[in-house]
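Please look over the sequence and the structure shown here before reading on. The report is meant for someone meeting them for the first time.

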Amino acid sequence: MSKLIVNSLYKVFGSNPKQGIKLIKEGKEKDEILRETGLTVGVNNVSFEVKAGETFVIMGLSGSGKSTVIRCLNRLIEPTAGEIILDGKDLTKMDKKQLIEVRRTAMSMVFQNFALLPNRTVLANTEYGLEVQGVDAIKRKEKALESLILVGLEGYEDSYPDQLSGGMKQRVGLARALANDPEILLMDEAFSALDPLIRSDMQDELVDLQQKMKKTIIFITHDLDEALKIGDRIMLMRDGKVIQIGKAEDILSNPADEYVERFVQGVNRSDLLTAADIMVKPWTTVGINHGPRFALAECKKHGLETLLVTKEGRILSGTVTINEIKKAISEGKTTLHDITKEDEVSRISPDTNIKDIIELTLQSSIPVAVVDDDGKLLGVIIKSSVLRALMSERGGDNA
Amino acid sequence: MPRLPIGAGFEGLVDYLRVSWRGLFSAIRAFIEVLIDAAETVISFPPFWVFAIIIAAIAYKRSSKGIAIFSLLGIFFVEGLNLWPATVSTLSLIFTATAIALIIGIPLGILSAKSDPLNAVLRPILDLMQTMPAFVYLIPAVLFFRIGQVPAVISTIIFAMPPAVRLTNLGIRQVPKELIEAGESFGSLWHQMLFKIQLPLAMPTIMAGVNQCIMLSLSMVVIASMIGAGGLGSVVLTGVSTLKVGMAFEGGLAVVVIAIILDRLTQGKSLKK
Ligand SMILES: Nc1ncnc2c1ncn2[C@@H]1O[C@H](COP(=O)(O)OP(=O)(O)O)[C@@H](O)[C@H]1O
Ligand SMILES: [Mg+2]
């Protein structure tokens with residue numbers, strides 16, 4: 001079901017925005033309109049739908065209108081025209097009071113530069129949203145602490161923002177947004193101000209958190225890798241317009257035009273990369289003749305749900321899952337023969353092109369196995385190694 | 001070219017106001033007299049040495065040990081010159097004038113931060129208020145309120161208010177846009193925005209305005225001795241006009257000591273960083 005529907009949203013900055021819309025409808029381009037009238041077209045006929053529980057990423061270069069779109073959603077910026085339908089109600093038609101209610105309960109925002117109040121402690125910052133709602137002190141402290149724990153900031157309640165690192169500040173930003181328990185999180189380049197390593201951690205954590213919380217997230221980024229890692233679906237924007245909306249693999253494999261293609265250029269340039277270049281050693285494998293108790297211990301040791309099973313000569317037999325292992329133990333089985341599934345895991349040869357690997361890895365929840373002609377296990381491909389490969393290929397663009 | 005009758009016109013206006021608005025002026029006069037008396041009662045209530053200790057304690061807390069010692073010695077020094085009573089009178093005028101200037105100036109600064117048109121109107125008026133020679137305020141004040149402490153306070157309020165308005169306005173406008181957006185995005189009402197975000201973040205700048213306001217008050221109160229404000233200013237004035245150089249010098253020293261104490265006390269720690 002659609003949580004949020006945006007229909008033909010326009011935003012024109014300047015003294016006579018309606019005139020700008022007229023010119024757009026006459027087919028004039030953004031720079032023509034700016035030259036002739038001095039009006040800036042921020043958002044031009046943007047429509048999209050976001051499903052409940054989905055992470056929807058808006059991607060585009062700087063100035064493409066991403067921030068304007070997300071600020072129209074909670075009307076920090078008044079749209080010039082269009083509809084924004086939240087749970088069936090049009091936000092653009094709401095009066096001040098209803099709007100404030102939506103901001104307090106339905107949507108919370110996380111900002112690029114954190115936007116923490118420097119005169120308040122971490123706890124008091126986290127409580128802000130509840131405080132303006134008039135929630136009593138005990139209850140709001142309790143809720144704020146809960147969300148600080150959720151983002152891993154236990155013990156920092158009494159620190160001040162300027163005592164924290166960038167990554168920790170943004171955790172406070174996230175905790176403050178979560179404390180309200182909103183249905184929708186709006187994140188405008190929330191990780192763009194962080195160093196690459198911290199940023200990557202935050203992305204992982206957001207993905208983890210999202211599995212628990214099942215919020216509807218609208219996440220803005222100008223970074224393809226971030227979009228691929230976080231997004232269920234991605235919307236690409238340029239000059240205020242939507243260029244393409246789709247799942248990661250749609251965008252990678254069918255770029256809508258040269259603009260998108262340039263965005264995903266790294267992927268195309270890495271045509272030469274093959275599975276052999278990016279595979280890694282599997283964390284662990286078990287032999288098919290091993291007992292299920294050993295397999296269970298391996299699962300626990302490495303925190304895995306699924307194990308790769310090999311036979312003599314490291315030939316890949318298939319996979320076993322932790323549930324089947326437990327069942328096998330209770331049934332008194334002594335090997336993994338009966339429970340090993342041959343077809344759950346995708347097998348590719350070491351010279352498979354990275355373009356085909358991307359689709360496979362994005363689709364499957366377990367690593368893809370790289371095997372030679374005899375079926376011998378050479379390595380595995382995990383999502384992050386694909387991303388890392390793309391990232392280093394695109395290194396020049398990121399600078 | 002015939003002489004322009006601006007002076008005559010102004011006199012006419014003043015006469016008109018004095019006659020037709022007499023009730024208002026005497027009400028204001030009475031009100032301000034009450035305030036001055038109250039301030040004077042409070043300040044002169046403790047003996048000077050108790051006052052000195054209190055000020056030193058505040059200075060120690062807000063500023064530094066050095067300033068605390070300076071304040072203590074400074075007040076003893078003033079008493080040593082036999083100028084403590086005159087100082088009390090000057091301080092009463094300063095506090096009364098500053099309090100009124102802030103009560104009007106800070107809200108005005110808040111309003112002009114929120115409204116560009118108001119800001120555009122206020123700006124030239126504030127410029128005018130600040131650049132006019134201080135003496136110019138004395139004359140209409142005397143015309144409406146006769147001589148004494150009341151016209152001194154009135155002209156001091158006008159002279160000292162601009163920085164309070166200006167710096168409050170500036171402080172609020174300087175709050176980063178992202179913080180305002182954050183406040184709005186969590187559904188703050190206007191007064192929550194003002195009291196929870198804008199004023200706390202603008203506070204260092206507003207305090208700088210308060211500091212300037214007090215310092216300007218001090219200088220004006222000294223000048224206002226010319227219209228009978230009394231206090232330290234009249235010590236200097238009498239000294240100068242009767243060519244008692246020593247007396248004028250002592251009065252001047254006392255003014256400087258008070259100025260330094262007030263300045264350091266209102267600057268506090270935040271601005272020293
Ligand atoms: N307040 C504003 N006034 C005028 N133009 C603006 C304003 N905010 C954004 N714009 C313009 O709208 C366009 C989109 O900006 P923005 O939404 O910030 O892009 P992005 O977030 O993708 O970098 C840009 O051309 C920008 O200059
Ligand atoms: Mg932006």
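## Model and domains

This is a predicted model, and the description that follows should be read with that in mind. In chain A, the domain assignment gives domain 1 as residues 2–106 together with 182–267, and domain 2 as residues 276–393. The C-alpha centres of domain 1 of chain A and domain 2 of chain A are 38 Å apart.

## Where the two chains meet

Between the chains, 16 residues of chain B are in contact with 26 residues of chain A. The area buried between chain B and chain A comes to about 1,700 Å², and carbon and sulfur atoms give 58% of this area. Three residues, B:Glu178, B:Phe186 and B:Lys196, supply 40% of the area that chain B buries against chain A, which is more than any other three residues supply.

Polar pairing also takes place across this contact, where the count is nine residue pairs in polar contact, both residues at pLDDT 80 or more, and where two salt bridges are counted between chain B and chain A. The side chains of A:Glu131 and B:Lys196 meet in a salt bridge, with N and O 2.6 Å apart. On the side of chain B that touches chain A, helices α9 (177–185) and α10 (190–223) of chain B each supply at least two residues, and the largest share, seven residues, comes from α9 of chain B. The residues on this side of chain B divide into seven nonpolar, five polar and four charged.

Helix α4 of chain A, residues 96–105, has as its buried residues A:Leu99, A:Ile100, A:Val102, A:Arg103 and A:Arg104.

## Salt bridges

Over all chains, a search of the whole structure finds 28 salt bridges. One of them joins A:Lys66 to A:Glu189, with the closest N and O atoms 3.8 Å apart. This pair links distant parts of the chain, as A:Lys66 lies in helix α3 (residues 66–73) of chain A while A:Glu189 lies in the loop between β7 (184–188) and α8 (196–213) of chain A, 123 residues apart. Both A:Lys66 and A:Glu189 are buried.

A second pair in chain A consists of A:Arg75 and A:Glu78, whose side chains meet in a salt bridge at 3.0 Å from N to O. Which of these two partners counts as buried, and which as partly exposed? A:Arg75 counts as buried because its relative accessibility is 11%, whereas A:Glu78, at 39% relative accessibility, counts as partly exposed.

In chain B, the side chains of B:Asp127 and B:Arg166 meet in a salt bridge of 3.0 Å, N to O. This pair, too, links distant parts of its chain, with B:Asp127 in helix α6 (residues 116–131) of chain B and B:Arg166 in helix α8 (residues 149–173) of chain B, 39 residues apart. B:Asp127 counts as partly exposed at 35% relative accessibility, and B:Arg166 is partly exposed with a relative accessible area of 27%. Elsewhere, salt bridges that share partners join A:Arg71, A:Asp188, B:Lys177 and B:Glu181 into one network.

## Two buried loop residues

A:Ser64 has its place in the loop between β3 (55–60) and α3 of chain A. Why does A:Ser64 count as buried? The reason is its relative accessibility of 4%, which falls under the limit of 20% for a buried residue. A polar atom of the A:Ser64 side chain lies 2.6 Å from the backbone oxygen of A:Leu61. Leaving aside residues up to four places away in sequence, A:Ser64 touches A:Gly42, A:Met237, A:Arg238, A:Asp239 and A:Gly240.

In chain B, B:Leu83 is found in the loop between α4 (65–80) and α5 (84–114), and B:Leu83 counts as buried at 8% relative accessibility. Not counting residues up to four places away in sequence, B:Leu83 touches B:Val78, B:Leu232, B:Val235, B:Glu250, B:Gly251 and B:Ala254. B:Leu83 and B:Ala254 are 171 residues apart along the chain, yet their C-alpha atoms are separated by 7.6 Å.

Notes
Residues are numbered from 1 along each chain as its sequence is written. Chains are lettered from A and ligands numbered from 1 in the order in which they are written. This is a predicted model: local features need pLDDT of at least 70, side-chain atom pairs count only at pLDDT 80 or more; totals for chains, interfaces and linings use all residues. Side-chain values use heavy atoms; hydrogens and water are left out. Domain bounds come from an automatic or database domain assignment. A salt bridge is a side-chain nitrogen of Lys or Arg within 4 Å of a carboxyl oxygen of Asp or Glu. Helices (H or I, at least four residues) and strands (E, at least two) are DSSP runs, numbered from the N terminus. Buried means under 20% relative accessible area, exposed over 50%, partly exposed in between (1.4 Å probe, protein chains only). Contact means heavy atoms within 4.5 Å. Buried area is the accessible area (1.4 Å probe) that two parts lose on being put together, summed over both. A polar contact is a pair of N or O atoms within 3.5 Å; within protein, one must be able to donate a hydrogen and the other to accept it, and residues adjacent in sequence count only if both atoms are side-chain atoms. Ala, Val, Leu, Ile, Met, Phe, Trp, Tyr, Cys and Pro count as nonpolar, Asp, Glu, Lys and Arg as charged, and the others, Gly among them, as polar.
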